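The sequence and model are shown first.

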Amino acid sequence: MEFWGLGDLTFSTPLLHAAAADWEVTLVGKAHARPLLEPTFPGVKFIEYDAPWSAYRGKYRLWKWDWTALGGLIVRLRREGFEAVVSVRNDPRDHLLMWLIGAPRRLGFPHRGSDFFLTDALTRSRPKQHKVEDWRDLCRALGLAEGARGEPRLAHAQYRSARVDAMFAGLARPVICLHAGARIAVRRWPAEYFAQVIAQLRERFRFHLLLIPDVDGYGAAELAPLADTVATGLTVGELVDVLGRCDVLLCNDSGPGHVAASCGRPAIPIFGPTDPDWFRPWGAQHHIVIRDICPWRPCFDYCKFREPYCLTKLLPGYALPEIVAHLQTLNLPHGDA
């Protein structure tokens, strides 16, 4: 089970690669799970369910939950006759659902007494570790040695599309992809800050800027005039294809950073209210831009102020030297090249 976003799903891929080699695997998750993962895992079965407890707001309004859909899911999953069910979330609601499914093995990280619902109540290898390491711990408990040392990985070649072929046809300069949005607004570095950074980068490097506006259009007005290509209306598969071809991704703490990382591409994410020790793009080729400006950071998206000062006070002048330095390590050609 993984009821959360694109990035969270990429973290699960070490277990999926290892388990799919020997078992019949079903993944229960949101609608975007199938287009994100199916090309890499064609043998995995997907069951769509938008768990109400994974909502950003209103998750405790039980009277608004679709209990009929939840009941139908439980019946369907019980009929599957699973040997084991796992969740990486230390969420008692996940664990209760696992218990209701009736699988003989239920593996997870207990919280607030939810070990009652688990047959294998796991303890993390380290008290504070990345979510990928949580998935590795689940692999160890299942005896999946390959997954216990695996990396998040999507088979980018399986996502190639004619539309993205056309975007990249004939490009001679390295491609910087810019995704300025984020599903949760308090994770968004101001679009005008990205615009200032891009203007400064243009003076130092030669590159083709490909802008991916957020689904709600965030940042398009400020950034589209600076872009060489604006890629709107991408499907999930096309998003993977774009991110797997770009030379570097500049982004917020959001799903595209993890998708790029799982395709082996470097990312430079701007981090605000969350903790990179848990949620950074996995791998050594990335650079995190972050400042402990707010004493309440990490607040994990539930900012107590009228604006996320951890981002709005992280000015372009602070971020630019780090971004320039990392682009230099990636051998991006200079402006006079």
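F300 is found in the loop between α13 and α14, where helices (H or I, at least four residues) and strands (E, at least two) are DSSP runs, numbered from the N terminus. This is a predicted model, in which local features need pLDDT of at least 70, side-chain atom pairs count only at pLDDT 80 or more, and totals for chains, interfaces and linings use all residues. Residues are numbered from 1 along each chain as its sequence is written, and side-chain values use heavy atoms, with hydrogens and water left out.

The loop between α13 (276-279) and α14 (309-312) also holds P298. The peptide bond from R297 to P298 is cis, with omega near 5°. Most residues other than glycine have a negative phi, and most peptide bonds are trans. F300, although not a glycine, has a positive phi of about 55°. R112, likewise not a glycine, has a positive phi of about 55°; R112 is found in the loop between β4 (105-108) and β5 (120-121).

Accessibility is classed as buried (under 20% relative accessible area), exposed (over 50%) or partly exposed (in between), with a 1.4 Å probe and protein chains only.

| Residue | Relative accessibility | Class |
|---|---|---|
| F300 | 28% | partly exposed |
| R112 | 76% | exposed |
| W63 | 66% | exposed |

W63 lies in the loop between β2 (45-48) and α4 (67-80).

The axes of α4 and helix α5 (residues 92-101) come within 8 Å and cross at roughly 50°; axes are lines fitted to C-alpha atoms, for helices over the stretch in contact, and angles run from 0 to 180 degrees between N-to-C directions.
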